[in-house]
Amino acid sequence: MSPAPGPARRLPNGFTVALDRHTLLIDGGRGLLGGSPTRLLRLTPRARALLTGRTLRVRDAAGATLAELLLERGLAHPVAEALPPHPDPRCTYVVPVRDRPRQLDRLLSGIGPGAEVIVVDDASHDPAAVAAVAARHGARLVPLSRNIGPAGARNTGLSLVRTPFVAFVDSDIVLAPDTVPTLLKHFTDARVAIAVPRIVGLRTPRSSGWIGRYEQARSSLDLGAHPASVRPGSFVSWTSTACMVARVDAVTGGFDARMRVGEDVDFGWRAVAGGWRLRYEPAAVAAHEHRVAFTDWFTRKAVYGSGAQPLAERHPRAIAPAVLAPWSAAVVLALLAQRRWSVPVAAAVCGVTTLRIARKLEGTEHPVRLGARLTANGAAAALSQTGALLTRHWWPAAALGCAASRRVRRAVTVAAVADIALERGWTRAGLDPVRYGVARRLDDLAYGAGVWFSAARGRSLAALRPRLLIGGRGQMPSASRRSVASSRSDSAEPGSSSHIS
């Protein structure tokens, strides 16, 4: 992975960003509170004047500087429909495939004529069928004599790309006409290496069953309806290569061909480590033909989990299944103890944390109220992570605990029921809560089994160990998981920043 450019070209005029939905405008617009980790950004009068409500459109160097700061802090995201077009949007499509000529034909029909397309046949059992489809659509075919996996197949195609951008697209994807053009707009930011669309379920006659409907609402590939900066610890921490557009100069190292699963996560995290930005853009949509046959679906979920240990070896600080601040860990442990003192102790810890955060917010209009809000968010996130540990990542150990302890049984039951009660996915899926709940638990069982299998194979528990944030350092693993720690830093114009968590 090539390192990001040093002093990157500034954001162009017309580049527009909007504040993240979690970012709070406080003190009458004199400050912004949000990002991951959470930060307080105090805006100077000059910086405040650049914002129109929750939007900033770059018109000069000062606007570019503020927009850059907001993007870097995760406080704002580009507005896709308002971005200027890239001056050189030439892009080559690289499609790794093994058999599946019907799906390949459907994908290439959606790409349309005139596009540069490289189809890498990863040793199909029926190579003639794949070759016929590629020829019919005028795609360049690169047949491989042995199966090397999707990472190696993508690398083969990448080595032949001569355009500034490459779109990696799996054969079971259906592209909308504006998917890739929308993603290419993000590259007017010189720091962006990769942009990915929202992956939704492709509706087919086979997807009407209960597994298909569950996948429509709760697919592992669907990262949600809100834009995000992708990085470990941010609101969206990984991306899939089912559909992805990349800057060729930024990804010259390609994928790790040794990885048969998780190579897409590793690919993105290496780009972030090199100083690049990754953008998740739900305004661009690609449809994926999900697995809906039960055995195939369940097996694939386990395969996803098996990527945990290889990722832990390469990115030990990013792969932790839960990341907790000391105070939130204390709250969780107190409640798990299920004693008479549990709730009072947890409440006392939250109260002390609220006051500590309030001190960090001195100078704002309502520091205690804001501190209480951040503390409540952090406690809820810690409990959510704990529930996921019990029902997903640690379920084999939790099952043994249930056999020996009523307290463990109560904790697991509450975690499993609360997960379904708080999720509204079953309503979107057109499933009753019972069938949705069964699918959800089977999803967790399969994924957790894959994680434990990979841990046993790698003879390491690294992928199963939570991480404790000490002194406010570190990052949280997903969108809803925040902590509130204690550190502080200041920056120059156009604002000053205080690190809250």
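**The chain and its cavities**

The protein chain has 17 helices and 18 strands. The model is predicted.

Start with the whole. The chain has 501 residues, and a compact globule of that length would have a radius of gyration near 23 Å. The chain has 23 Å, so the two agree. Its C-alpha atoms fill a box of roughly 70 × 65 × 40 Å along the principal axes. Buried residues make up 55% of the chain. Take the contacts between residues at least 6 apart in sequence: 75% of them join residues at least 24 apart. The exposed surface comes to about 21,400 Å². Carbon and sulfur atoms supply 58% of that area.

Now go inside. The structure holds five cavities of 30 Å³ or more.

The largest cavity contains about 100 Å³ of space. Its lining includes E215, S219, S220 and L221. H288, H290 and R291 also line the largest cavity. W297, R300, K301 and Y304 complete that lining. Helix α9, residues 294-305, gives the largest share, with four residues. By type, the lining of the largest cavity divides into three nonpolar, four polar and four charged residues.

The second largest cavity contains about 60 Å³. Among the residues that line it are G201, L202, T204, R206 and S207. G212, E215 and Q216 belong to this lining too, as do E289, H290 and V292. Here helix α7, residues 210-218, gives the most, with three residues. The lining of the second largest cavity divides into two nonpolar, six polar and three charged residues.

Compare the two lists. E215 and H290 line the largest cavity, and E215 and H290 also line the second largest cavity.

Back to the chain for a few backbone details. The peptide bond from S36 to P37 is cis, with omega near 5 degrees. P37 sits in the loop between β3 (31-34) and β4 (39-43).

Two arginines have positive phi. R100 has phi near 55 degrees. Its loop runs between β7 (91-97) and α3 (101-111). R100 is partly exposed, with a relative accessible area of 32%. R459 has phi of about 50 degrees, and R459 is not a glycine. R459 lies in the loop between α17 (433-458) and β17 (467-468). With a relative accessible area of 79%, R459 is exposed.

Terms used: Residues are numbered from 1 along each chain as its sequence is written. This is a predicted model: local features need pLDDT of at least 70, side-chain atom pairs count only at pLDDT 80 or more; totals for chains, interfaces and linings use all residues. Side-chain values use heavy atoms; hydrogens and water are left out. On a 1 Å grid over the protein atoms alone, a cavity is a set of points where a 1.4 Å probe fits but cannot get out, and a pocket is an open set with protein on both sides within 12 Å along at least five of seven lines; lining residues have an atom within 4 Å of a point. Grid points are joined across faces, edges and corners, and a volume is the space filled by probe spheres set on the points. Ala, Val, Leu, Ile, Met, Phe, Trp, Tyr, Cys and Pro count as nonpolar, Asp, Glu, Lys and Arg as charged, and the others, Gly among them, as polar. The radius of gyration is taken over C-alpha atoms; the globule rule is 2.2 Å times the number of residues to the power 0.38. Buried means under 20% relative accessible area, exposed over 50%, partly exposed in between (1.4 Å probe, protein chains only). Contact means heavy atoms within 4.5 Å. Accessible areas come from the Shrake-Rupley method with a 1.4 Å probe; for residues, only the protein chains shown count as cover.
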